Amino acid sequence: MTSPDPLQGESDLSGRRHFLSAAAATVLGALVLPSCTGTSGPPASSPGASLAPSVPGAAAGAPGDVALGRTMASLEALAIAVYDSALNAGQISTPALADVAKLFTDHHRQHLNALEATVGAPRDSTQPNAAVRRAMVDPVFSDPALDESKMLALVFGLENAAAQTYVFAATQLTRPDLRSTLMTIGSVEARHRSILGTVALKRPAPDLIGSGFFRSDNPLPAAALLG
Amino acid sequence: MAAYAESIELTIASLYGLIGGLLGDLRSVGELFASHHNDHAAAFAGLAGESATHRASNALLVAISPRLQALKTRADALELAFVMENQMAATHAFALKALSAPDAIASAARILPVESEHATILGLALGKSGTDLFPSGAFDAASVGEIGNPSTGLDPARYPPG
């Protein structure tokens, strides 16, 4: 039985496949590979900062919180679609790596469902993030020379971007409970990143975690942030 | 909470010094992770202001001590560090439920995934795979308890700073 390609549907992926060169895909793929940890140094300190429990003044339904939750859900949906497509097409076929991809897909499904519940969206109703898909995924899937190593670089890049976006979101959210929940997901994306970086891409620890601090700036195109 | 975070970061940084001799070819990785924890401690000390102790948690060191004395092999040392790193990550997730100052939130959010990655790399070095690398499943833990359980953080009431 052939599984449907979760990246098809609204995609123009197959039609564009022959227009894009492997070189272009490589360059675009490289854009997403820099480490999440790093360059901006430790956070500015704030002596005497309040550590008391905050009042959830903006509480449930704050527009920014909902938008961030929807954005994160769309990244989870995109990750699921990419892993499913890669597994179904045999683009991640090394047995140990396929097992890893299946486990990560299961994690992303749990994350998606948790986020949908948080923002009040029906289960499995979230569409993959279109802007991130255009920027990161389509060029790789359009590569006629797509192989396992390129697919692994893509999913590493997606996990990398997702992990950093969760950190960004945590600094923007108004609800402490939501902040904690999102970071219990974001830190799992970071675990994914480190497993892929170590096992699949063979990057040594100092290269993978060069700094003690994840970046907290938004790594996504502006259009990727949903309203 | 920042003073607490500073003290447990200093504790785990010192842990790597104590187990370094058992880590063999991973000693430099332990030194890297220790340097991260010292950086984290400095960030939290800045947030804690006058509450900062600039010392490891004595209560946590006492709790770790019997485990340190029982270490015999590289795998023992890696397993202890693996558990502690998971507990550090969970502690920061727990803290995020209470923090309100933007700088404190940013610090915890930026540090938490690094400690999760430390745990994962140590787990890989131990030969763990699949679900064993995720002690709390698809969601990292955000509750606290006693030392030794990789699925909970470290309870500030049990291991106070200083």
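A residue counts as buried here when its relative accessible area is under 20%. Keep that cut-off in mind as we walk through this structure, which is a predicted model.

Let's start in chain B, with helix α4, which covers residues 74–95. This helix has 22 residues, and the distance from its first C-alpha to its last is 31 Å, close to the 32 Å expected at 1.5 Å a residue. Of those 22 residues, 17 are buried, so α4(B) is largely enclosed by the rest of the structure.

Now turn to chain A. Chain A has 227 residues, and 51% of them count as buried. If you look at contacts in chain A between residues at least 6 apart in sequence, 81% join residues at least 24 apart.

What does its side chain reach? The side chain of A:Thr165 comes to 2.6 Å from the backbone oxygen of A:Ala161. The two are in keeping with a general point about helices: an α-helix has 3.6 residues a turn, so residues three or four places apart point the same way. Leaving aside residues up to four places away in sequence, A:Thr165 touches A:Met72, A:Leu75, A:Pro219 and A:Leu220.

Finally, let's see how the two chains meet. The contact draws on 52 residues from chain A and 50 residues from chain B. About 4,000 Å² is buried between chain A and chain B, and carbon and sulfur atoms give 67% of that area. The polar side of the picture is there too: the count is twelve residue pairs in polar contact between the chains, with both residues at pLDDT 80 or more. Across this interface there are also two salt bridges. B:Asp140 forms a salt bridge with A:Arg191, where the closest N and O atoms are 2.9 Å apart.

Which helices of chain A each supply at least two residues of the side that touches chain B? They are α4 (95–119), α6 (148–172), α7 (176–200) and α8 (205–208). With 16 residues, α7(A) gives the most to that side. Sorted by class, the side of chain A that touches chain B has 26 nonpolar, 22 polar and four charged residues.

Notes: Residues are numbered from 1 along each chain as its sequence is written. Chains are lettered from A and ligands numbered from 1 in the order in which they are written. This is a predicted model: local features need pLDDT of at least 70, side-chain atom pairs count only at pLDDT 80 or more; totals for chains, interfaces and linings use all residues. Side-chain values use heavy atoms; hydrogens and water are left out. Helices (H or I, at least four residues) and strands (E, at least two) are DSSP runs, numbered from the N terminus. The expected span of a helix is 1.5 Å times one less than its number of residues. Buried means under 20% relative accessible area, exposed over 50%, partly exposed in between (1.4 Å probe, protein chains only). Contact means heavy atoms within 4.5 Å. Buried area is the accessible area (1.4 Å probe) that two parts lose on being put together, summed over both. A salt bridge is a side-chain nitrogen of Lys or Arg within 4 Å of a carboxyl oxygen of Asp or Glu. A polar contact is a pair of N or O atoms within 3.5 Å; within protein, one must be able to donate a hydrogen and the other to accept it, and residues adjacent in sequence count only if both atoms are side-chain atoms. Ala, Val, Leu, Ile, Met, Phe, Trp, Tyr, Cys and Pro count as nonpolar, Asp, Glu, Lys and Arg as charged, and the others, Gly among them, as polar.
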